[in-house]
Amino acid sequence: MTTASSPTAPVPARTLGSGPHALTVSAVGFGGMSVADSYGPADAAEAEAVLLRALDLGVTLIDTADVYGHGRNEELIGRVLGPQRDRIVLASKLGLPPAGGHPDGRPVDGRPEYVRRAVDRSLGRLGTDHLDLYYLHRVDPQVPVEETVGALGELVAAGKVRAIGLSEAGAETVRRAHAVHPVTAVQSEYSLWTRDPEDAVLPALRELGIGFVPFSPLGRGILTGTVDSTDSLAADDVRCSHARYAGEAFEHNRALVRALETLAADRGVTTAQLALAWLLAQGDDVVPIPGTKRLRYLEQNVAAASLVLTAEEVAVIGAVIPRDAVQGVRHPRPDLLEA
């Protein structure tokens, strides 16, 4: 395995999707949720510095959502990166209501009329006339996905969106959606401690020529090797609601990561870099979007794009955290996730 290069080295490019709706992006993107106070308070000045530094390092895929910070994350990204709009591939998501819920109690909204309203609100907050990639954040169980995707396709025809995606959608849902309008990318949680997409979703995406964008590629921080205790988490940190970060499950899962730390130390890289390199080695159609609110972690994450693993190393890394060894369900709302 090569060592991590300087963070100023060019970030390799990868392609999401195929055909006229394909997007060329940096091999490592940036997940904006982390600069929206989701993992405890974020310093506004450092958040801006992180976003600008990401561009300087060659990161082009910037991911956000209307629900992050009740829209404040989109506003931040629009204000900071708006002047550099032509340098980024801008992705956002719709469908999850903000804290407090949907007025009529819907946990997800995929109705075509909602899609049309949501995109205009996001475009306004982001200060742009189009999104490069627009995801349905979760599939609405009350609305056929064909109807939602049909509305997303209308946005493409209107020039408001270049390409569409789905988040946390199952393989059959992806097939149904793709039959209505080409899907460029599917976003789901995927990392050394969350392997679910390997069963059905990734094979389906490769059959259909759809790219895959793993979110939480560092296990919401645990795969960095820097989270030793949940005592330091802020009360409003989203991880406080996750079973994998609770009590004995956390202690068990943290112990698994120590073996990864040893491998990383032996190779002279950070634990996070090794975890990201393993993920990048799963295929050229995989583009993880780690997020951070710290400049030093951003630079380390981006440098992971230059790590090259042998097939043997990939297997060894994958074995240090066995798929079925992680304790706790991965999300507090498993009813909103599709296999």
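How many residues does the largest nonpolar core have, and which have the most contacts inside it? I noted first that this is a predicted model. The largest nonpolar core has 84 residues, and Ile 62, Tyr 134, Leu 223, Leu 260 and Ile 321 have the most contacts inside it. Helix 8 (residues 271-280) gives the largest share of this core, eight residues. Apart from that core I found another, of 14 residues, among them Leu 16, Ala 163, Ala 185 and Val 287.

Next I clicked on Ile 62. Not counting residues up to four places away in sequence, Ile 62 touches Phe 30, Leu 55, Ile 77, Leu 81, Ile 88, Val 89, Leu 90 and Ala 91.

Then I turned to Ser 167, which sits in strand 7 (residues 161-167). Is Ser 167 buried or exposed? Its relative accessible area is 1%, which is under 20%, so I wrote it down as buried. The side chain of Ser 167 reaches the backbone oxygen of His 137 at 3.3 Å, and a polar contact of 3.4 Å joins it to the side chain of Arg 138. Leaving aside neighbours within four places in sequence, I also listed Tyr 135, Leu 136, Gln 187 and Phe 215 among the contacts of Ser 167.

My last entry is a helix pair. Helix 5 (residues 171-180) and helix 6 (residues 201-208) pack at about 25 degrees, with axes 9 Å apart. That angle is under 35 degrees, so I call helix 5 and helix 6 roughly parallel. The crossing of helix 5 past helix 6 is right-handed. Residues making the contact include Val 174 and His 178 of helix 5 and Ala 204 and Leu 208 of helix 6.

How values were computed. Residues numbered from 1 in each chain as written. Predicted model: local features only at pLDDT ≥ 70, side-chain atom pairs only at ≥ 80, totals over all residues. Heavy atoms only, no water. Core = buried A, V, L, I, M, F, W, Y, C linked by side-chain atoms within 4.5 Å. Buried < 20%, exposed > 50% of the residue type's maximum accessible area, 1.4 Å probe, protein only. Helix = DSSP H or I, 4+ residues; strand = E, 2+ residues; numbered from the N terminus. Contact = heavy atoms within 4.5 Å. Polar contact = N/O pair within 3.5 Å; in protein donor to acceptor, adjacent residues only side chain to side chain. Axes fitted to C-alpha atoms, helices over the stretch in contact; angles between N-to-C directions. Parallel < 35°, antiparallel > 145°, perpendicular 65-115°, else oblique. Left-handed = near helix turned anticlockwise from the far one by under 90°.
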